[in-house]
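I opened this model to look up a few places in turn and to write down what each of them shows. My entries follow the order in which I looked.

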Amino acid sequence: MPVETALSGQPRYRLVSGPTPLERLERLAAHVGHHGLYAKRDDCMALGMGGNKLRSLEFWLGEALARQAETLLVAGRSTSNQCRLTAAAAAKCGLRCIVLHNDDPPERAEGNLLLSRLYGAETRFLGSMDEDERSRRLAKLAEQMEASGHRCYIVGDPVVGALGYVACAAELITQAGEQDVALENVILPGSMGPTEAGFLFGCALAGAPFRVHLVSVEYSIDRLAQLVEDLFERLCAHTGVTPSVTPSSFVRYHERYLGAGYDMPTPEAISALETVAALEGMLLEATYTAKTFAGALDLIARGEISSDAPTCLIHTGGIPSLFTQAGGLGLDRL
Ligand SMILES: Cc1ncc(COP(=O)(O)O)c(C=O)c1O
């Protein structure tokens, strides 16, 4: 079934101009003895310095505008890529944006926080609290604003956000066909699930012939698999379309590259970050993409990904974080 059929009728506001590049990584491939490494450059988008959440925002914005919202509300840590991109999208559409951060204000605004503020978002710091409490505070703010006549939209529904990567799967499959690349493996970070589940759903609909590897950067693979499979089912309900294959038939989960946990850098990730920058002029950051690339390079080294199997890494962006991470990674020393 064409992916477009599943997406038709879903409100969408275009924020990503055209397909992102599918780029051959020749020098990195030669370095690891591989013969067909590619990156899908979702870090290369014009708006807000790009990244995976901009694809999700097309569908969140679509809903927000359909509901005639005037204010976008979003929450995350002050390092959040999603908050930064929501601020950029709000600026582009002329909407107000309020960001709640569940941490204390840092000494200086830098990285994503700097950008959110430049894009005109109002940033509020709630102090340290867990994500459930942060969501309650966000819902309460929305309620108060609605009661005083402000139409708001809370950004972040995972099922709606996943639609962005249903579209990305279709885009990659078309692009690989155009470039005559018979992909056998696609690798992306495994985190909260929307990007991954959307991508798998799109692949399942399109009957994509490749294996999808999810490199866990946040949870155990049991938890990640549960999140992804639950979202996959919710996508079926949301779109009214059920693919004939389930993700378990073509997904592989990898926990080996997580290290001590979410946002905790590993030596292999730092090394991948340095290698990819030096060989390809391409930046990664420590939380998502460097661990994913480190995983991919190790899977190749172990032979779990064959050196002649065309393989694509999805670069999900997040580059502004690098500028707040460099010191902690020891990369700022001259
Ligand atoms: C750069 C980057 N990559 C990957 C992810 C993970 O996406 P998801 O939450 O859809 O699993 C995020 C999440 O914020 C991100 O910012």
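**Entry 1: the ligand.** I began with the side chain of Glu 196, where an N or O atom is 2.8 Å from an oxygen atom of the ligand. I keep in mind that this is a predicted model. I then turned to Asn 81 and found that a polar atom of its side chain lies 2.8 Å from an oxygen atom of the ligand. For Tyr 288 I noted 3.4 Å between an N or O atom of the side chain and an oxygen atom of the ligand. As for cover, the ligand has 390 Å² of accessible area on its own, and the protein covers 95% of this.

**Entry 2: the shell around the ligand.** Which residues come nearest to the ligand? Of the 13 residues around it, I listed Asn 81, Met 192, Thr 195, Glu 196 and Thr 316 as the ones that come nearest.

**Entry 3: Thr 123.** I next looked up Thr 123, which lies in strand β5, residues 122-125.

**Entry 4: helix α10.** My last stop was helix α10, which runs over residues 267-280 and has 14 residues. From its first C-alpha to its last, α10 reaches 20 Å, and this is close to the 20 Å expected at 1.5 Å a residue. Which residues of α10 are buried? I listed Ala 269, Ile 270, Ala 272, Leu 273, Thr 275, Val 276, Leu 279 and Glu 280. These buried residues pack against four elements that I noted by their ranges: β1 (22-24), α2 (26-32), α11 (289-301) and α12 (322-325). Just after α10 I came to Gly 281, which takes a positive phi of about 65°.

Definitions and conventions
Residues numbered from 1 in each chain as written. Predicted model: local features only at pLDDT ≥ 70, side-chain atom pairs only at ≥ 80, totals over all residues. Heavy atoms only, no water. Helix = DSSP H or I, 4+ residues; strand = E, 2+ residues; numbered from the N terminus. Expected span 1.5 Å × (residues − 1). Buried < 20%, exposed > 50% of the residue type's maximum accessible area, 1.4 Å probe, protein only. Contact = heavy atoms within 4.5 Å. Near = heavy atom within 4 Å. Polar contact = N/O pair within 3.5 Å; in protein donor to acceptor, adjacent residues only side chain to side chain. Areas by Shrake-Rupley, 256 points an atom, 1.4 Å probe, with all protein chains shown as cover.
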